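Biologist: I would like to learn how to read this model. Could we go through it feature by feature?

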Amino acid sequence: MRRLTGFQPTGRLHLGNLLGAMRPLIAAQRTTESLAFIADLHAMTVDHDPARLRELTLETATVLLAAGVDPERTALFTQSSMPAHYELHYLLECTTGYGEAARMIQFKEKSSASFSGRPGAGGPVRLSLLTYPVLMAADILVHDSDEVPVGDDQNQHLELARTVAQRFNRRYGETFRVPAGVLPDGVARVMDLAEPRRKMSKSTSTDAGRIGLLDPPGTVRKTIMRAVTDTIGTVRHDPAGQPGVTNLLTILEACGGSADDFTSYGALKTAVADAVEEVLAPIRARHAELVKDPGHVRSVLDAGRERVLPRAEATVRRAREAIGLM
Ligand code: TRP
């Protein structure tokens, strides 16, 4: 059983990433063959700054290691260091319909006029934004992945990857393993602290809505104390009626706190801030060690790539032959 997780370096990793994707990866790496990569090519599907992309790519890798991704157990690498991903991308573009890509919800949202003005959305819509899910399919299929953890926002992309794989296999002969989307145990869905009906996001949340994994303790506490709640005054799980309070309870429980007997939102927020700080402090400390030696992080990424390269190249060879290249 091989599981693949991708992290897009379009912004800094936050608490939602930790509780939604990083923790399940760290928990599963003991028992499941795990691959994790930094999707730096995907980060170029919207307006990007070269220096910032480079910085975020290294930072994302460093924070993953600081949080407990164990390079002995998880092969960690960057997408762009593996030409097999983009070789397969082209072959899959030749087996995917324009309409299939254009109907993706994320493409429609990110390419619509209402999205420009949001961070990361400057300039014209890039062609690569349209083909983004095809590259994602290549990421998945090139490693013969069995499982891909997906939240709601990536579900449709995973379905497309399955469709593309099945169609290719039917038309050109058995070539790809067909992946399954999974919702791993222990995933917490963390919402934006300022707009609790939306997910906490690297690209669309503001500083008030997001807790960066490297934010200093004072900032973390301030952001939590200012989180949007409501005027109802009751502390309970009620995602529809009290999304802000529910989100605070979700975070508290995911960070090891217990959610009983709060009589005020202030007390709840203090407990959340304490619990989050306990989770972030060791990550921050380990990160401070790791940033002193970026060469070490680079060598981890190189080693991860070397480990997965042979299989990825074999998949591309299979696909090339099946599709009719000499
Ligand atoms: N698109 C994913 C995201 O935004 C990142 C990603 C790219 C990915 N390629 C992938 C995730 C392949 C899983 C598998 O979160």
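Biologist: Where is H143 found?

Modeller: Helices (H or I, at least four residues) and strands (E, at least two) are DSSP runs, numbered from the N terminus. H143 sits in the loop between α6 (127-142) and β4 (147-149). Keep in mind that this is a predicted model, where local features need pLDDT of at least 70, side-chain atom pairs count only at pLDDT 80 or more, and totals for chains, interfaces and linings use all residues. Residues are numbered from 1 along each chain as its sequence is written, and side-chain values use heavy atoms, with hydrogens and water left out.

Biologist: Is H143 buried or exposed?

Modeller: Buried means under 20% relative accessible area, exposed over 50%, and partly exposed in between (1.4 Å probe, protein chains only). H143 has a relative accessible area of 0%, so it is buried. Contact means heavy atoms within 4.5 Å. Leaving aside neighbours within four places in sequence, H143 is in contact with R2, L4, L35, F77, M82, H85, V308, R311 and A312.

Biologist: And what does T5 touch, not counting residues up to four places away in sequence?

Modeller: T5 belongs to strand β1 (residues 2-7) and counts as buried because its relative accessibility is 7%. On that count, T5 touches L25, L35, A36, F37 and P149.

Biologist: Which residues surround the ligand?

Modeller: A residue is near a molecule if one of its heavy atoms lies within 4 Å of it. Here the surrounding residues are G6, Q8, F37, A39, H42, Y132, M136, D139, I140, V148 and Q154.

Biologist: At what angle do α2 and α11 pack?

Modeller: Axes are lines fitted to C-alpha atoms, for helices over the stretch in contact, and angles run from 0 to 180 degrees between N-to-C directions. Helix α2 (residues 50-67) and helix α11 (residues 294-323) pack at about 85°, their axes 10 Å apart. Angles of 65 to 115 degrees count as roughly perpendicular, so α2 and α11 are roughly perpendicular to each other.

Biologist: Which residues meet there?

Modeller: L58, A61, T62 and L65 in α2 meet P294, V297, R298, V300 and L301 in α11.

How values were computed:
Angles under 35 degrees count as roughly parallel, over 145 as roughly antiparallel, 65 to 115 as roughly perpendicular and the rest as oblique.
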